[in-house]
Amino acid sequence: MAEEEGSGLQVLLSTLQGSSDKAAILTILQLLGDLLSVGTDRRIHYMISKGGSEALLQTLVDTARTTSPDYDILLPLFRLLAKVGLRDKKFGQKALELEALDVTLILARKNLSHSHKLLHCLWALRVFASSVTTGAMLGINGAMELLFKVITPYTRKRTRTIRTATEVLAVLLKSRSNSRRAVNRGYVISLLRLHQDWHSHDTANTYVLIRRGLLLCLKRITTLSSGREAFLAAQGMESLFSIIQNCLDNESMEPVISAVLQILRQCYPKSPLPLVTTCSAYAFLGTESIHSEPCCAAAEEDFEDDGDEEMDKDSDLEDVKEQDDDLETDVEKLTFKPGLDRPEEELKQYEAMCLELSYGFEELQSKLRNDLNFEDVQSANHHHIPTAAPLQQHRLNEDQSSRRKEGEHTVQTSLLSMVKMGRSTAHLSSKKRLDVNTYQNVSPSGTGVDTLGSDISGIQDFLEEDIEVISCPGMNASFSSSVRPRETVGVIDKLLHARPKHIPFHDPYLYMAKARRTRSVVDFKMVAFPDLWGHHPPPFSQSMLERKRGIQRIKISEDVRRLIQPRDVINRVVFSLDEPWPLQDPASNCLRFFSKFESGNLRKAIQVREFEYDLLINADVNSAQHQQWFYFKVSGMRAAIPYRFNIINCEKPNSQFNYGMQLTLYSVKEALLGRSTWTRTGHDICYYKNHYRQSAAATGGASGKCYYTLTFTVTFPHSEDVCYLAYHYPYTYTALMTHLEILEKSINPKKIYFRQETLCQTLGGNPCPLVTITAMPESNSTDDLEQFRHRPYQVITARAHPGESNASWVMKGTLEFLISNDPVARLLRESFIFKIIPMLNPDGVINGNHRCSLRGEDLNRQWLAPKAHLQPTIYHAKGLLQYLSSIGRGPVVFCDFHGHSQKKNVFIYGCSIKETLWQANCAVGTSAVLEDISYRTLPKILDKLAPAFTMSSCSFLVEKSRASTARVVVWREMGVSRSYTMESSYCGCNQGPYKGLQFGTSELEEMGAMFCLGLLILELKSGNCSHRLLARAAALLNAEEDALNHHLQRCNRSNTSDLDDEPACMEEIDYNSEGNSDQDGSIAELDRQIQECAFSQDEGEEEDGTGQGRNTIL
Ligand SMILES: [Zn+2]
C-alpha cells in the first residue's frame, strides 16, 4: 500500500467521523466504496487496521440517532459496513462497544415492511452476529423474534429479504444461548413447518437457498442435545428424510440435500458399538500389560456431546493451531547424541549375529575347484525380478526343491531395463486397465486351462467337493512333505498334489509345516486358503475406482432408513468371537463368516438386511483400538448379487477408500480354476463418520470417540464359493518363514552368503528372523577375506506395524532381488553386507493386529528405551545397530519399510536438522550447524529410478512425536545420516507410469528391487567407492545406457503438482457442525448480493410488486 494512499485514507476516515455535513459524508462514502470495490482484500484489511470499522460504526450510530435518520447516508453506509465487517474478525465486538447493535435493530424494526431498507439492516446484523458473543447479545435483544417476523411461509415476494433473514438467523444460532432460546420458544417446530411449506410449494426449486437457510438454522439448533430432542419429538427425522427421497441425484437440490443429510446424521441417536466390550477379543497374559486404555463395557448411556454451560466462544479467539507445532526445535535434541541405553558388555551378544566378520571360510578353496560350473547351471533359477511380465517368467522357480534344467528358463530383462518405466516396458499390454471387478468378465465355468496355460483339469474336480473343507484347512491335516506322494488321506492332500506348481517362492507343504510352528494368542487351528495355496500377481494392473457421484449420501440415506423404515431390518448376529450365535438355516441366504486364522481379525458380523452386513474388526490384542486392517473369510454367497458390507468400527478420520482404493478379494473357486490371485474388488466404496460413539465413561469422561464406516459392495464371482476379503494383500508371518526357507534353499551357496538366524524370540514365542546377505568371498585368501569383511553394511527392517502388509511385499521384492542373478544384484552383494529384519512385529502380524505388539504398544514408538523383556525385537534390532556402530561399522543406509494409509505413491521420510529448524522458523544460529546434505541423495535417486516413487512426498523434518521412531533414533543415537522410513501407499500412484493405477503386489515387489538399485547408485555417487566397483558398474550401466542414463542424466524432474494433498472429496466427509463449511464462500456470496442490490436499488423492490414497503415509510 502506497504511503500517500494510506495517509489519504486516514484523512478520509477522520473527516468521516467528525463530519455532520451530508454532502461531505456522502462523498466520503462514495470514495471509500470506490476504493474498496477494486483491488484485493488487502485494501480492506489496511483500512481496518487504520480504524476504518470504528469510523463507519460511529457514523452509523450518529446518523441513526438523529430524529429522522437519513437513508441516503444509511444505505451506502450499511453496504460498506457489511463489506468491511465480513473481513474484520473483531467487528462484532467493535459494534457492541460503539452501541451499533441497538440502533441497527431499531432501524430494522422500523423497516419491517420496507424490504429494501430492511435488507441493508439484515446485512449489518449478519456481520455483527459473526462474533458469537455479539450474536448472543443480539439474541437477548430480540433479534430472533424480529427475524421470525420476516421469515414467512411460501411467497414469491421479498424472497431476497427472506433468504437473508434465514441466513442471519443461522448465524445467530451459532450461539448456544440463542439455540437454547430457540428450542424453548418452539422454533424447531416452526422451522420444520416453514421448511415443509417452502418445500411443497417451491416445486420448481426456485428458492432452494431459502430452504437451505432454514435447514442451516435447524442444523445449528440440533448441535444442542435439547435441540435434537425437540427435533426428534417433532418427527424431524421422518419429515426431512422423506424430503430427500427421490431427489438424491437432483443437482438443483444440492444445497438442500447436503444440509438435510447433515441434520439427519447429527440427530441420528448416538449409540455404543454393538460389542460387549471395545477391548480386543484376544488377550495376551504373558507379560504385565502396561496399557491403561480403558476397556469399559460399552453401556447404554447418555451420549451427550454438548455441555449445558454457556460455551459461547468467539471463533476468532480460537487461533488456528500452529501447524508446525510438532517440529522439534530443541537443537540439543536434533544433534548427534552417541551413547548407549544398555551396558556395553551386552553388545557382545551381537558378535554372534555378525559371523561374517570373523568366519574363516576354510572350506571355500577346495570346494570351488570341484564345482566350477555350478553357478551357471544353478543361478538361473534365482534370477527373479519381481514383475508380472511376461507371465511365463513367473514359472521360474516353479518348484525350488527340485531344480529344473537350465534350458527351460527364459532369461528375463535386467532390472535396469525397468527403470522408471516399471512393468510397462516389459509388458506394454498391461497398461490396459481393468474396470471395477476383474471377475466380471470371467466366465464362471472354468475352461480347464488357467491363465498361465497350465492344465488344471485335475483340480477342477475339487470344485465338486465340499469347498468349505478345502477353503480353510485345519493345521492337523494329515499330510506332511515326507509322505505326500503316496498318502491319500485328506482332500487337501489330494488337492495340493494336483496343484500346478507355478507360484515362485511358494510351497504349500512347507507353508503348512511352518504354520504348525507359528504361535498365536488363541491358538489358531486353521490356515487361510490363500496363504496356503499362494497368490499369483494378476496379469493386469487395476485402475483406481472412480467415485460415483453422490455415493456417500446414498449410503448414508440407507443407514438412516434403518431408523425410519425398519421393516426390512433383520439385525441378526451371524458371527462373533465373543458370543454364541444362532445357527442359520442352511437354506437361508445368509452369508457365513470366519476369521480364526493367522492375520484374521473379524470380530463380529451382523446381518442387517437381506444382502447387507455390519462388520466389526477386532481391536489390537490388549488394546481397545487400532481397527483398520481386516482379513476374513466369507461363504454361502450367490453370484451376481451385490452384497453391501459396512465395517462400522474404523477409527481414522479419512481413508484412501474415499480416493479410489479398493479392498482385496481372493476366491477359492477362482483359485481352483487356475486364477489364484488377490484382486482389488468392491464398488460403491466410501468412508464416513457414523453414529457410533465410545461411551464417555470408557474414555475417562472425555466426549466419546467417534467411529467411521467403511462401506463397500461386493459382487462375488461364483455362487457357493468361499472368498477371503482383506484390507490389503495379506502377508503372514508363516508366509515370511516359508519364503525365507525357500530363498535359502534356492541360492547357490558357493556364490551367495545367505544366513538366516533368530534375532530373538517374541513375547508370543515366535522367532524373529534376521537375514544376512552378501557375496561369498572369492577365496579364503587374506585379500579376499579382507575385502569380504570390510564391505559396508546396509540395514533394512520392515513390518513394525502389522497392518502394513504392503511393507512385506516391498521387502519380498528386496529379498528376492538381492539373491537374484541380476548383474546389479551381484554387484550389490559384492559391495555390501545386508542385514535384514523383515518382520519387526511377528506377533502383531500373526494375531491380526493393525498397529501394535501383544502389549498393545506401537513398536515404532519404542526405540528410545526398549526393554528386552517388553519389546524384545526392538531391543535387539537396536542392539545390533549399536553393536555395528560400536565397532565402527554403522550402516550406510538404515531403512524401515512401512505402509501409508493417507497418501499415494512411495516416498521416504528422513531426518535433517536444518530443514526442521528452517521449517519451524528457528533458523537462528543454524548457520553454525553442520549438516551433510547426503541424506537427500537416495530419495532423489529413487525418484529417478522407481516408477512408484516420488520425491515430492518425501520429508526430512524431525517431529517431537516421532522422537522414538526407528528413523529418528538410528539417526540421532547412531549418527546414521541416511536413516529412513520408506512409506508405500495402500492405494496406488497419482504420478509416473503407474498414475491412476492401484498397487498390485508386483509393483510393490518392484519397489523393493528398485530400492536396492538405488543403494548401488548411491554408492557409485558417494565418491568413496572402489575403482573396481566403479569400473564394473560403469560397464554394466553403460550396457544399459538407453534404459538408465536417460533417466539418471535428466535434471530435476519438474514436480510442480503438489501431490501431498488429496483433492477435496466430492462430498463432505465429516458431518458434525464443528467446521464452518456452510459459511465457506459466504464473503464472496454476500459481496455479490450487496453489489447486485446496490446496482438494482433504483428499480425498486425485487418481486415486491405491491410497493407495499413504500407506502409506509417510517
Ligand atoms: Zn507404519
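A: Starting with His 898: with a relative accessible area of 2%, this residue is buried (under 20%; exposed is over 50%, partly exposed in between, with a 1.4 Å probe and protein chains only). The model is predicted, so local features need pLDDT of at least 70 and side-chain atom pairs pLDDT 80 or more, while totals for chains, interfaces and linings use all residues. Residues are numbered from 1 along each chain as its sequence is written, and side-chain values use heavy atoms, without hydrogens and water.

Q: What coordinates the zinc ion?
A: His 801 (ND1), Glu 804 (OE), Glu 804 (OE) and His 898 (ND1), at 2.1 to 2.3 Å. Donors here are N, O and S atoms within 2.8 Å of the metal (3.2 Å for Na, K and Ca); water is not among the atoms, so sites may look incomplete.

Q: And the spacing of those donors along the chain, what is it?
A: The pattern is H-x2-E-x93-H. Glu 804 sits in the loop between β14 (793–798) and α31, and His 898 in strand β16 (residues 893–900), so the pair ties together parts that are 94 residues apart in sequence. Helices (H or I, at least four residues) and strands (E, at least two) are DSSP runs, numbered from the N terminus.

Q: Is Glu 804 buried or exposed?
A: Buried, at 5% relative accessibility.

Q: Change of topic, holes. How many cavities of 30 Å³ or more are there?
A: The search of the whole structure gives 13. A cavity is a set of points on a 1 Å grid over the protein atoms alone where a 1.4 Å probe fits but cannot get out, and lining residues have an atom within 4 Å of a point. Points are joined across faces, edges and corners, and a volume is the space filled by probe spheres set on the points.

Q: What lines the largest cavity?
A: The lining has 23 residues, with Ile 503, His 506, His 535, Trp 809 and Lys 812 nearest the centre. The space in this cavity is about 290 Å³. Helices α26 (529–533), α29 (733–746) and α31 (805–818) each give at least two lining residues. The lining is made up of 10 nonpolar, 9 polar and 4 charged residues. Ala, Val, Leu, Ile, Met, Phe, Trp, Tyr, Cys and Pro count as nonpolar, Asp, Glu, Lys and Arg as charged, and the others, Gly among them, as polar.

Q: How much space lies in the second largest cavity?
A: About 180 Å³. Of its 17 lining residues, Asp 559, Tyr 688, Asn 690, His 691 and Thr 709 are the closest to the centre.

Q: Which element gives the most to the lining of the second largest cavity?
A: β9, with 5 residues. At least two residues each come from α27 (551–564), β6 (642–650) and β9 (683–693). By class, this lining divides into 7 nonpolar, 4 polar and 6 charged.

Q: Now Arg 87. Where is it found?
A: In the loop between α5 (71–85) and α6 (91–97). Arg 87 is buried, with a relative accessible area of 10%.

Q: What does the side chain of Arg 87 make a polar contact with?
A: The side chain of Asp 41, at 3.1 Å. It also reaches the backbone oxygen of Lys 83 at 2.9 Å. A polar contact is a pair of N or O atoms within 3.5 Å; within protein, one must be able to donate a hydrogen and the other to accept it, and residues adjacent in sequence count only if both atoms are side-chain atoms.

Q: What about Gln 627, buried or exposed?
A: Buried, at 4% relative accessibility. Gln 627 is in the loop between β4 (612–617) and β5 (631–635), and a polar atom of its side chain lies 3.0 Å from the backbone oxygen of Asn 649.

Q: Which residue caps the N-terminal end of α32?
A: Asp 822, with a side-chain oxygen 2.9 Å from the backbone nitrogen of Val 824. In α32 (residues 823–831), the buried residues include Val 824, Leu 828 and Arg 829.

Q: Last one: what is phi of Ser 599?
A: About 70°, positive although Ser 599 is not a glycine. Ser 599 lies in the loop between β2 (592–594) and β3 (602–609) and is buried, with a relative accessible area of 2%.

Note on methods
1 Å grid on protein atoms, 1.4 Å probe; cavity = no way out; pocket = protein on both sides within 12 Å on 5 of 7 lines; lining within 4 Å.
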